[in-house]
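Please view the sequence and the structure below before reading on.

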Amino acid sequence: MILKKGGAEMRKFMAFVFITLAVLLSACDYTDDIPVARVAFGGSASLDLNCGAAGMVMPTVSPLRATDKALVWTSEDEEVASVDRSSGVITALAAGSTFVEARSVSNPDAFARLKVNCIAKADFNSPQIKVYDYLTKTQSAALESKTIMWKDDAGILNFKEDGSIIPVGVGETVVRAFDAGALSDVRGGLTDNLGELLNFKMNIVKLIDCLSFRQPEYIIGAADLLDLSGELVIEPADANDKRIVWESSNQGVANVDSEGMVKPSRTGKTTITATAANGGQKAECVISVIVSSKLVSVESLSFDISELLLCMGESDALKPIAYPSDANTGIVWSVGDERIASIDAESGIVTAVGAGETEITISSAIDESIFAKCSVRVLEDEGGFIRISGTEGFSLRVMDGTYGWNSSGKIEYCENPRLSDAWKEWDGSGMLTSYSQSVGTSGDAASDYPASAKSMLHRRVNLETEQAESFDHVLYLRGSGLTFITKKAAKKWVIEPVDADDGSSSLKVSVSGDMRCLLNHKSPNRAMMSNSCFAYMFCDCPYLTSVPMLLFEHLSESCYESMFEGCVSLSSLPVGLLTSKNLAKRCYSAMFRNCSGLETPCALPSLKLAESCYESMFCGCAGMTAVPVLAARNLVKSCYREMFSGCDLITVYAGDEFDYGELTETLGASTFIASVKKDSSHDMEYYADGIFAVGECPLKYGVAYWTGNDVVISVTIPTPDGVFGADMLFFQPLEAI
């Protein structure tokens, strides 16, 4: 009973409280609004805006308890600046100043005025700046009937009569227009702004034209910070608006703050973008965050090979070598000419894009002064095979009917390298027959053959008549796992016409492509040759008119010995045929011997010779009228022996037949030029016995000695009347051609 009584009393008490509150609330009068008493802009009550920009300044409305704080906005000069009536957003339209008014809706007597200065902004490098472009129609009309004199307070502008402006400095100034007719000449200038018609602020800026990072990639430890602001290159350097907006593409890896400071979060990669706040120019770099907190810098870089030779469309991987081996600061790849080759920075795979020469460069990601280069040469021909093409049907066989190459590898052939499953193995025991390019053995139409192959075949030129030849019978070959092809004369390759074996055939045969593909078509740049690799390969082939590229960097003993000996239809050699600068014993011995139709030799770039390296190389080339530069300084045994013996058309200058002045005028491609070391232990017969044979009188050298910068060689020329001795003067070339 006590609990129930207490509950009833509590209910009575609460009812009394609610009744009392209701009475009190009803006594309060909230029906009247509290009006706005004051509207005011703080500070200097002004706003500077560049022409075309928008902004706003909100005034203070008091009292804070005012019922309706809404404002209505108006502009004193809508041509200079407009304002949104409800939101108060102001847009600068033309150069000059005006006032914007904010007036209370509930109390029209409460208002405030804001001065808006619309600033004319111009780029210092702009080709044309005209002051009238920044004025309103009303301002321009007011100036039309007057002779105007312009000036600026900071002296950074020059004005022309038509109102054009030539900036001579950067920064902010005030441009003033004066009525020249109202000016006083008492003080020889403007007097207390007498006759001033208008003025406005103008800002001349140098914008950022270009942004770039000093390196394309930066590698940092997970606990490190990196200030990229110092790595950003701004052009021009005197740009006066250098505000940059920074952004990270993967904030989970690293963040970048507004000052360009990079803070990593975890391992991985992100791209940092720096954007010019005024102009929008951008630059990007990659940030790689690694696990190791200790960075091991690269001290030196190199490649596994010094030169990469590719055919069009071919790819090969370059292997970079960094020292020390545990360096973890990373490397950056670049290619000199992307029209010739491209590089995959992840794999190091170089792809040939266009014919020509360029360089692939790797450099330390943190020190660009540490770098290595690899030369890349791209040939126009298609790669991965050699191509034998003829003007009519031909066959190919090994002379004794059994293969001459090492059994660990294989040679394959096909009619069209673009067709799947086209390649078939050749064991050398059978005879291969060429395929007609117009109709293949399988009945394929000409359209089924690669257009690139057809164009390359049909552009072969007969150098004697300079008329295009139709090499429309083809045979493609490639090899793998090989180090030699022939080894000896009994294993040479024999090319013969299919339809005529009585000597009446007019067959002409062209061999093109990269011979390295016959050893290792998968990676030609790493093909290795053993001794006598191609010896006698096309020896005594009367139908051969052009030869393939021989691009091996390191040669082996007798590798090309007699390779094209007796090829009497061969009249010229391709540019860059022999590229190696590392010769071997007898490497070029008798290579073109008795090629009687050969007129011009190939360049011989090597400065370091080997025993008998050029012995008899062009011996018996009776049609040859020019010789290459032989620029080696240190000769070796028999290096030039009988090299040009029997080349009767080559000009040799000797003894009293000339003077030095005449020689300087007549030396040229048709003159043998030699440079030798000072060596009294051997006479020239040791190096070049019988290098020339002039008619019936073999020319032999005696001992060479130096006079200043030239080489004087004592020569002995046996003649029918006896022995004639004379000094023979030669230039000493600075480099090989």
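Which residues in helix α2 (residues 137-144) are buried? They are Gln-139, Ser-140 and Leu-143, where buried means under 20% relative accessible area, exposed over 50% and partly exposed in between (1.4 Å probe, protein chains only). This is a predicted model, in which local features need pLDDT of at least 70 and side-chain atom pairs count only at pLDDT 80 or more, while totals for chains, interfaces and linings use all residues. Residues are numbered from 1 along each chain as its sequence is written, and side-chain values use heavy atoms, with hydrogens and water left out.

**Helix α2**
- Helices (H or I, at least four residues) and strands (E, at least two) are DSSP runs, numbered from the N terminus.
- The buried residues of α2, Gln-139, Ser-140 and Leu-143, fall within an arc of 95° when seen down the helix axis, so they line one face of the helix; the arc is that of the directions from the helix axis to the C-beta atoms.
- These buried residues pack against β11 (148-152) and β15 (196-205), contact meaning heavy atoms within 4.5 Å.
- Lys-137, Thr-138 and Glu-144 are exposed on the other side of α2.

**Strands and sheets**
- Two strands pair if DSSP finds at least two bridges between them.
- Strand β16 (residues 210-213) has Leu-211 and Phe-213 on a covered face, and Cys-210 and Ser-212 on an uncovered one.
- β16 runs antiparallel to β19 (residues 232-235), joined by 4 bridges; Cys-210 has Glu-235 as its bridge partner.

**Salt bridges**
- The whole structure contains 22 salt bridges, each a side-chain nitrogen of Lys or Arg within 4 Å of a carboxyl oxygen of Asp or Glu.
- In one of them, the closest N and O atoms of Asp-153 and Arg-176 are 2.9 Å apart.
- Asp-153 lies in the loop between β11 and β12 (157-159) and Arg-176 in strand β14 (residues 171-179), so the pair ties together parts 23 residues apart in sequence.
- Asp-153 is partly exposed at 42% relative accessibility, whereas Arg-176 is buried at 15%.
- A network of salt bridges links Lys-151, Asp-153, Arg-176 and Glu-196.
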